[in-house]
Amino acid sequence: MQDETGKRVDLGGGIARVLAPNPSPMTLFGTNSYLIGREEVAVVDPGPDDPSHLEALLAAIGGRPVSHVIVTHSHVDHSPLAARLAGRVNAPVVAFGDSRAGRSEVMDRLAADGLTGGGEGVDPLFRPDQTIGDGGLLRGAGWEAEAIHTPGHFGNHICLRVGDSLLSGDHVMGWASTLVSPPDGDLTDFMASCEKLRGIGVSRHLPGHGHPVPDPDQRIDWLIGHRRGREAQILANLERGAATARDLTLAIYTDIPKGMLGMAERNVFAHLIDLVGKNLISADPQPAIDARFSII
């Protein structure tokens, strides 16, 4: 797929993909930007503010009218090019909201108290021209997209149902489990969003990174099972005594590169906040990235 960078690839169902030139351990081959429609198009996730990707998208659009520039969530690998592209094609930027929209009360409170750290890769200046809520519809010539609010990876995250496809952003990907990093990520919300997407009746997910996912419900079940397994590991380690998020990360993630341990710790911290919310563990002195957590 790497050799498709900058090229328009027809995926069927009136959807095409243009791969951005930003490969990394967190983005795999790069960000998948999508075009919906044949005569009048919408662009989904324009990606990083990269001049070559802007030109690639304009070439893929080919002079056709653009109805919307849609952002599934405002991480820097998805949203920064939106405003520039929208200006070139005279279309509004549409999203659930700015980079704090959709954040849970728990995460808002922890962030306000300075207890979470985080903020990796957030596009803090992102502001859509139009907002769309859960169940909202966007239409163009010959196509319709339904927004499904799926907080978890990010509070303002939406997926888009287009025919029998779901543009799943970073919520469901086939190559990796999704990063959940407080305060922008919330594991309680992530699990609820997974349940929300199960059984919605699409034949494939088209994710923000990597290849199409041909077995959506099976993949969602795997994501849920993976998270439940990680929760069990955390609880088993806490049965041996109080520990910090870093202690647990080093005990559980024994086979990943050291450069990825920081992201792994964010995921563990998300689980710990979720477990505090379930009254299964407590935090000393309070839920925070450097707190000590214990079984109740």
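Axes are lines fitted to C-alpha atoms, for helices over the stretch in contact, and angles run from 0 to 180 degrees between N-to-C directions; contact means heavy atoms within 4.5 Å. Helices (H or I, at least four residues) and strands (E, at least two) are DSSP runs, numbered from the N terminus. The model is predicted, with local features requiring pLDDT of at least 70 and side-chain atom pairs counted only at pLDDT 80 or more, while totals for chains, interfaces and linings use all residues. Residues are numbered from 1 along each chain as its sequence is written, and side-chain values use heavy atoms, without hydrogens and water.

An open sheet of mixed pairing is formed by 7 strands in the order β1-β2-β3-β4-β5-β6-β7, where two strands pair if DSSP finds at least two bridges between them. Because β1 (8-12) and β7 (130-131) are at the edges with a single partner strand each, one side of each has no neighbour in the sheet. The pairing of β4 and β5 is parallel and comprises 4 bridges; V44 stands opposite I70 in β5.

Helix α2 lies across β4, β5 and β6, and runs at about 175° to β5. Just after α2, N90 has a positive phi of about 55°.
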